[in-house]
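Welcome, and please open your viewer. We will go from stop to stop, selecting a few residues each time.

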Amino acid sequence: MHQTIPVLVIDDNRVRRDVLVALLEATADIRVVAAPDSADAAMRHLQDDARHVVLVAADLANSGSCQAVERVRHAAPGVRVIVMGVHSSRDDIIGFVEAGASGFVVADASGDEVVTTVRSVGQGDEVLPPAIAGSLFSHISGHASGHVAAHRGTVEQMTKREREVIHLIATGLTNREIAARLNLSAHTVKSHVRNIMEKLALHTRLQIAAFTHHAGDAPAEPGEPPAN
């Protein structure tokens with residue numbers, strides 16, 4: 001039986017907030033802790049717990065959504081933040097990533113997509129919908145060239161399995177999806193991801209994906225020989 005994921009919702013649109021809370025409370029493995037309308041009101045409900053997920057609306061009027069993400073992550077570094085209602089053309093996607101967001105839900109996402117994202121982020125994955133991947137990578141690319149140059153040799157020296165995992169992260173797959181694709185256990189995939197982060201001096205899966213796209217020579221797909 002899955003452990004319940006505690007969720008805190010921050011949204012100043014009452015109608016949208018009520019609909020979201022109703023959706024989440026109807027899900028057996030998700031528990032809504034509180035649903036305040038601002039980051040200020042949310043502070044007393046925060047728990048520094050890796051399974052604690054905070055949903056932040058992308059269009060908060062008062063404090064600003066990016067600042068809300070920063071405040072949440074500063075107050076409780078162990079929590080994981082999902083930004084709700086983003087658009088593919090938004091210029092501040094990179095700002096949310098740098099502020100500490102672990103996942104995104106696009107504005108027209110279905111209820112099932114919202115629940116799936118909460119579950120994935122609550123289990124330690126980072127979720128980047130394909131619709132905003134291009135926007136994120138284009139923003140990051142201007143800042144990543146030095147890091148890519150410094151670690152290109154490191155990628156070339158990685159094992160074939162690590163290169164396969166990097167490729168699948170860059171295509172947006174979660175750890176569980178990667179495990180199924182490569183016929184590995186989820187624990188083994190997590191170990192590979194941790195090793196990749198250490199070798200590349202990166203801290204999140206989103207950074208791995210951005211690094212891979214900017215490098216321009218993504219690792220070979222599973223089943224293909226790695227590039228030289």
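Which residues have the most contacts inside the largest nonpolar core? Select V54, V56, V83 and F104, which hold that place in a core of 28 residues. A nonpolar core here is a set of buried Ala, Val, Leu, Ile, Met, Phe, Trp, Tyr and Cys residues joined through side-chain atoms within 4.5 Å; buried means under 20% relative accessible area, exposed over 50%, and partly exposed in between (1.4 Å probe, protein chains only).

Before moving on, note that this is a predicted model, where local features need pLDDT of at least 70, side-chain atom pairs count only at pLDDT 80 or more, and totals for chains, interfaces and linings use all residues. Residues are numbered from 1 along each chain as its sequence is written, and side-chain values use heavy atoms, with hydrogens and water left out.

Next, centre on V54. Leaving aside neighbours within four places in sequence, V54 is in contact (heavy atoms within 4.5 Å) with residues including L8, I10, L46 and V72. Then select L173, V193, M197 and F211: they belong to a second, separate core of 19 residues.

Now for charged pairs. The structure holds seven salt bridges, each a side-chain nitrogen of Lys or Arg within 4 Å of a carboxyl oxygen of Asp or Glu. Show D59 and R16, whose closest N and O atoms are 2.8 Å apart. D59 is partly exposed at 43% relative accessibility, and R16 is partly exposed at 33%.

Last stop: E162 and K199, a salt bridge at 2.9 Å. Here E162 is buried, at 4%, whereas K199 is partly exposed, at 38%.
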